[in-house]
Amino acid sequence: MIRRIFRRCGHAPGALSPDDQAAVDAFRAMLAAIRAPEPWTPDRCQDIAVRVGPFVERARTRPGDDYGPDLIAIALIHPDTPHAAAYAHRYTSKGWLRCETAAILGVWQPAYAMLTHAAAGLDLPDDVGMTPAYYGVHVEARKPDGTGCTLLRLGPYTQTWLASRDVARLNGELEGRAATAVPGFTLTVEGVPFDVSSHESYRDPCKADVAVLLAVAVAGG
């Protein structure tokens with residue numbers, strides 16, 4: 001990539017052309033950003049720069065799942081976001097990913113754009129070195145004072161629309177009886193990030209009817 005940048009500066013000796021000067025300035029800004037990146041702080045909902053192989057990519061953190069300290073959920077986005085609609089799918093098709101915080105260079109800066117796959121004219125590789133950050137569905141049982149428990153955990157879901165579909169279905173099952181199905185509790189259904197550390201407490205929504213799982217959970221509640 002560095003070699004490609006300097007090919008643009010191949011004019012005869014003398015004062016740099018405006019295009020060449022812009023390329024040199026951009027390269028210097030990139031070096032400065034690499035040498036002194038703005039530190040990333042968890043739970044600030046900032047776009048970040050992450051290492052993907054020898055490249056640096058722009059990523060967006062998932063609210064509520066960007067607290068670290070070792071893994072957070074991110075979505076890789078085109079470096080020209082929001083002005084890259086025609087190319088955004090090449091990035092967003094990866095969905096949410098689990099990113100090691102050690103791979104985070106710092107807060108995203110425009111100077112990093114020349115280090116991305118997009119700047120090199122490349123698509124992201126099939127394997128970006130990160131596993132999918134899945135989704136879950138929780139059925140919560142709460143008392144009027146706010147105390148309670150998670151009655152049912154479903155997951156993992158690989159796509160948000162799948163989780164949203166089951167949220168809608170379970171809310172339909174509870175319609176009109178959310179406050180009476182379990183005496184003393186009000187039931188709510190919500191989509192949430194899948195908690196990998198508690199994976200054993202989840203029921204696989206692909207192996208059973210979620211309405212049946214809900215009925216069993218309510219009966220046991």
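**Exercise 1. Find how strand β1 (residues 48-52) is joined to β5.**

Solution. Three bridges join β1 to β5, and the two strands run antiparallel. Strands here are DSSP runs (E, at least two residues), and helices are DSSP runs too (H or I, at least four), numbered from the N terminus. Two strands pair if DSSP finds at least two bridges between them. Now pick a residue: Ile-48 stands opposite Val-107 in β5.

This is a predicted model, in which local features need pLDDT of at least 70, side-chain atom pairs count only at pLDDT 80 or more, and totals for chains, interfaces and linings use all residues. Residues are numbered from 1 along each chain as its sequence is written, and side-chain values use heavy atoms, with hydrogens and water left out.

**Exercise 2. Trace the pairing from strand β3 (residues 71-77) through β4 to β6.**

Solution. Start at β3. It pairs with β4 (residues 97-100) in the antiparallel sense, over four bridges. Ile-74 has Leu-97 in β4 as its bridge partner. Next, go from β4 to β6. Two bridges join them, again antiparallel. Arg-98 has Thr-131 of β6 as its bridge partner.

**Exercise 3. Write the strand order of the open sheet, then explain which strands stand at the edges.**

Solution. The sheet has six strands, in the order β5-β1-β2-β3-β4-β6, with antiparallel pairing. β5 (104-107) and β6 (131-132) stand at the edges. Each has a single partner strand, so one side of each is left without a neighbour in the sheet.

**Exercise 4. Describe how helix α4 (residues 160-174) packs on helix α5 (residues 210-220).**

Solution. First, the geometry. The angle is about 50°, and the axes are 10 Å apart. Axes are lines fitted to C-alpha atoms, for helices over the stretch in contact, and angles run from 0 to 180 degrees between N-to-C directions. α4 and α5 are therefore oblique to each other. The cut-offs: under 35 degrees is roughly parallel, over 145 roughly antiparallel, 65 to 115 roughly perpendicular, and the rest oblique.

Second, the contact (heavy atoms within 4.5 Å). α4 contributes Asp-166, Arg-169, Leu-170, Glu-173 and Leu-174. α5 contributes Val-210, Ala-211 and Leu-214.

**Exercise 5. State where confidence is lowest and highest in the protein.**

Solution. The protein averages 84, and 85% of the residues score at least 70. Helix α1 (residues 2-7) is lowest, at a mean of 45. β1 is highest, at 96. Over residues 1-10, pLDDT stays under 50.

Technical notes:
pLDDT is the predictor's confidence in each residue, from 0 to 100.
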